Amino acid sequence: MEKIQHSHVQVRGLKLHVAQIGTGPKVVLFLHGFPEIWYSWRHQMIAVANAGFRAIAFDSRGYGLSDHPPEPEKANFKDLVDDVVALLDLLGINKVFLVGKDFGAVPAFMVAVIHTERVLGVITLGIPFLVPGPVGIQFDLLPKGFYVLRWAEPGRAEADFGRFDVKTVVRNIYILFCRSELQVAGENEEIMDLVDPSTPLPPWFTEEDLEVYATLYQNSGFRTALQVPYRCSQLDYGITNPKVTAPSLLIMGEKDYFMKFPGMEEYMKKGIVKQFMPNLDITFMPEGNHFVQEQLPEQVNELIITFLNKN
């Protein structure tokens with residue numbers, strides 16, 4: 001961990017926090033989800049650097065140690081796509097492997113669709129090919145109290161989270177998102193109420209890990225984090241006939257609650273997703289949950305490095 005180097009770089013008018021390790025000629029750029037941060041990739045960054053690659057992860061705009069955009073309520077996925085391309089330009093990187101987890105998979109897909117010439121390959125964890133917009137996830141089929149719908153309501157998550165300190169909020173979300181069932185609140189409860197305060201952290205997520213996350217989110221708060229992804233995922237980004245032709249890998253935990261999203265298991269297991277990613281391989285991990293890269297890092301690292309060496 002101490003070998004990972006940290007800096008702030010000016011990207012499209014904002015200072016973004018960037019973590020890097022390794023000096024290989026081929027570059028792997030890691031894109032985090034929520035409630036994650038660059039640190040979510042700590043195991044993978046060290047492993048790919050040891051395998052001869054240059055590993056880079058950054059805190060998305062408005063997350064952790066990166067600046068908020070001037071108007072967080074207008075932030076969207078296109079901003080993340082433009083940030084990725086601008087960061088690559090700034091660092092003098094022509095082509096890159098993209099690794100995205102959770103909502104970090106979305107800009108990975110979008111960059112691969114819009115900027116095909118910049119992408120050597122795409123690996124996503126927990127999310128199969130999805131482009132945000134009206135035809136993405138079928139929100140109308142999700143349960144009424146599901147966290148994605150609740151947090152999409154301006155002010156609702158802010159009031160829910162505001163009852164607790166940041167460390168407790170991150171703790172609760174990690175515990176909730178480890179479960180294999182959808183996180184649905186009843187009519188008279190909020191998402192944070194779904195976690196019993198006595199519930200322990202998962203064994204692979206230490207109090208020290210929680211402290212790192214809490215410190216980073218105390219710095220940034222949740223203002224931009226609630227906008228991207230939860231309040232911009234149904235915008236129309238103008239992407240028609242999307243297709244990722246780059247070599248691709250989907251790593252999916254069988255116990256990831258995303259498998260319970262309407263139609264998702266069929267979409268992946270029947271190979272429908274390959275209509276959009278013809279060069280996709282899929283690996284299902286029987287014990288894997290939503291945080292598979294932190295839960296089972298050795299197995300995930302092996303899958304990633306095998307893919308990188310092959311492509």
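Figure 1. Cys178 is buried, its relative accessible area being 18%, where buried means under 20%, exposed means over 50% and partly exposed lies in between (1.4 Å probe, protein chains only). Cys232 is also buried, at 1% relative accessibility. The structure contains 0 disulfides, a disulfide being a pair of cysteine sulfur atoms within 2.5 Å. This is a predicted model, in which local features need pLDDT of at least 70 and side-chain atom pairs count only at pLDDT 80 or more, while totals for chains, interfaces and linings use all residues. Residues are numbered from 1 along each chain as its sequence is written, and side-chain values use heavy atoms, with hydrogens and water left out.

**Figure 2. Leu29 in the largest nonpolar core.** A nonpolar core is a set of buried Ala, Val, Leu, Ile, Met, Phe, Trp, Tyr and Cys residues joined through side-chain atoms within 4.5 Å. The largest one has 118 residues, and Leu29, Phe34, Met45 and Trp151 have the most contacts inside it. Beyond its neighbours within four places in sequence, Leu29 is in contact (heavy atoms within 4.5 Å) with residues including Ile56, Phe58, Leu87 and Phe97. In soluble globular proteins, nonpolar side chains tend to be buried together.

**Figure 3. Helix H7, residues 207-220.** Helices (H or I, at least four residues) and strands (E, at least two) are DSSP runs, numbered from the N terminus. Among the buried residues of H7 are Leu210, Tyr213, Ala214 and Tyr217. The buried residues of H7 pack against helices H1 (42-50), H6 (166-177) and H10 (292-295). Gly221 follows H7 and has a positive phi, near 65°.

**Figure 4. Glu294 and its partners.** Glu294 is found in helix H10 and is buried, at 2% relative accessibility. Glu294 forms a salt bridge with Arg42, with the closest N and O atoms 2.8 Å apart; a salt bridge is a side-chain nitrogen of Lys or Arg within 4 Å of a carboxyl oxygen of Asp or Glu. The pair links distant parts of the chain, with Arg42 in helix H1 and Glu294 in helix H10, 252 residues apart. Arg42 is buried, as is Glu294.

**Figure 5. The salt bridge between Arg163 and Asp160.** The N to O distance between these side chains is 2.5 Å. Arg163 is partly exposed, at 45% relative accessibility, whereas Asp160 is buried, at 2%.

Terms used. Expected span 1.5 Å × (residues − 1).
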